[in-house]
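Q: I am new to this structure. Can you walk me through how to read its features?

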Amino acid sequence: MVFAYHDVGVRCLRTLLAHGVDVALVFTHLNSPTETIWFDSVARHARWHGIKTLTPENPNVSEVIDLVRMAQPEFLFSFYYRSMLSPEMLAIPRRGAYNMHGSLLPKYRGRVPVNWAVLHGELETGATLHAMTAKPDAGDIVDAEAVPILPDDTAVEVFRKVCVAAEVALNRCLPALLAGTAPHIAQDLRSGSYFGGRTARDGAIDWRRGAVAAHNLIRAVAPPYPGAYSEAEGLSLRILRSLPAGLPGLSEADETPAAAPVLRWRNENVYALCHDGAVRLLEFELGPDIGNAAAFHQRFGERAVLLKPMME
């Protein structure tokens, strides 16, 4: 029995099928009309393989639980399924329930682990297959695969690596899991961390935290996520991509931390200055209406003509 969604759900479902696992039924989600769908479809891949799919709003209602119980599954797998499964559901499979989580557990348990890892400037993350318990992301670890986080990686770039890590970890441990010989290593939850979900409002940049924190937030919420936003020079600013920049001799770097950055341009590059350094803006929207960048560029030109020049 498989509960799956998103790219990790697709890759892990296909891994099960590649190993000859008989997947009788797939539970997935209907795509939300309010969400930008930039990822692959579990329902489509299941259909291609002739697997029946269901999309219940709540997988823990008695009708769904009874349906799973009647199927008498040996295993239950959850691959980036967005709903918590009840203890009653998890108790059904004879040989256990397992989840693929997008971090190196016990770190970053909970929601959107890749975004949180990038936000905190981590140098690596990964994917972990673990036994499911009533407490989220707290069960025994079966296998894990690490991937690097580069200093300029955005969250979606890291997420693509995590998709591969999930496939590698599942492909490696699945034969032993099916044979009943896979290791189960208890987590030390005291050494880990738990985080909740994020919303578009969490993209507001607090420049008082400094240039590195601003850059990490920008890449953690870069498209296809909603993006980081602020105000600068009295205008709305939405930053889609950035690089940390060392610019010696900037007097603004010694000022008291401020809620808004000072914008400067040098050699056709635009910089946001804060009290401890600068962030180079690679892709951004600046203007009264940040949702209409094309209109802004048509009015003001491709380069940041509203910005104050910075002396060489």
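A: Start with the aromatic rings. Rings of Phe, Tyr and Trp pair if their centres lie within 6.5 Å. This is a predicted model. By that rule, the count comes to 13 aromatic pairs.

Q: How is a pair of aromatic rings described?

A: A pair is described by the distance of the centres and the angle of the planes. Planes over 60 degrees apart count as edge-to-face, and planes under 30 degrees apart count as stacked. Take Y5 and F39: their centres are 5.3 Å apart, with 70° between the planes, so the pair is edge-to-face.

Q: Which parts does the pair of Y5 and F39 tie together?

A: Y5 lies in the loop between β1 and α1. F39 lies in the loop between β2 and α2. The pair therefore ties together parts that are 34 residues apart in sequence.

Q: Is Y5 buried or exposed?

A: Buried means under 20% relative accessible area. Y5 counts as buried because its relative accessibility is 3%. F39 is buried too, with a relative accessible area of 8%.

Q: What kind of aromatic pair do F75 and F77 form?

A: They form a stacked pair. The distance is 5.7 Å centre to centre, and the angle between the planes is 20°. F75 is buried at 9% relative accessible area, and F77 is buried at 2%.

Q: Which residues do ring pairs link into a cluster?

A: Y5, W38, F39, Y80, F159 and Y225.

Q: Where does the charged end of R198 sit?

A: It sits over the ring of W116, 4.7 Å from the ring's centre.

Q: Which residues touch the most other members in the largest nonpolar core?

A: That core has 67 residues. L16, F77, F79, M100, L177 and L281 touch the most other members. Helix α6 gives the most to this core, with twelve residues. Apart from it lies another core, of 15 residues, including M1, M89, I92 and A97.

Q: What is F79 in contact with?

A: Leave aside its neighbours within four places in sequence. Its contacts then include V2, F3, A4, Y5, L16, M100 and L170.

Q: How many residues of helix α7 are buried?

A: Nine of its ten residues, so α7 is mostly covered. Among the buried ones are H215, N216 and R219.

Q: What covers the buried residues of α7?

A: The cover includes helices α5 and α6. Strands β10, β11, β13 and β14 are also part of it.

Notes: Residues are numbered from 1 along each chain as its sequence is written. This is a predicted model: local features need pLDDT of at least 70, side-chain atom pairs count only at pLDDT 80 or more; totals for chains, interfaces and linings use all residues. Side-chain values use heavy atoms; hydrogens and water are left out. Buried means under 20% relative accessible area, exposed over 50%, partly exposed in between (1.4 Å probe, protein chains only). Helices (H or I, at least four residues) and strands (E, at least two) are DSSP runs, numbered from the N terminus. Contact means heavy atoms within 4.5 Å. Rings of Phe, Tyr and Trp (its six-membered ring) pair if their centres lie within 6.5 Å; planes under 30 degrees apart count as stacked, over 60 as edge-to-face and the rest as tilted. A charge sits over a ring if NZ of Lys or CZ of Arg is within 6 Å of the ring centre and within 35 degrees of the ring normal. A nonpolar core is a set of buried Ala, Val, Leu, Ile, Met, Phe, Trp, Tyr and Cys residues joined through side-chain atoms within 4.5 Å.
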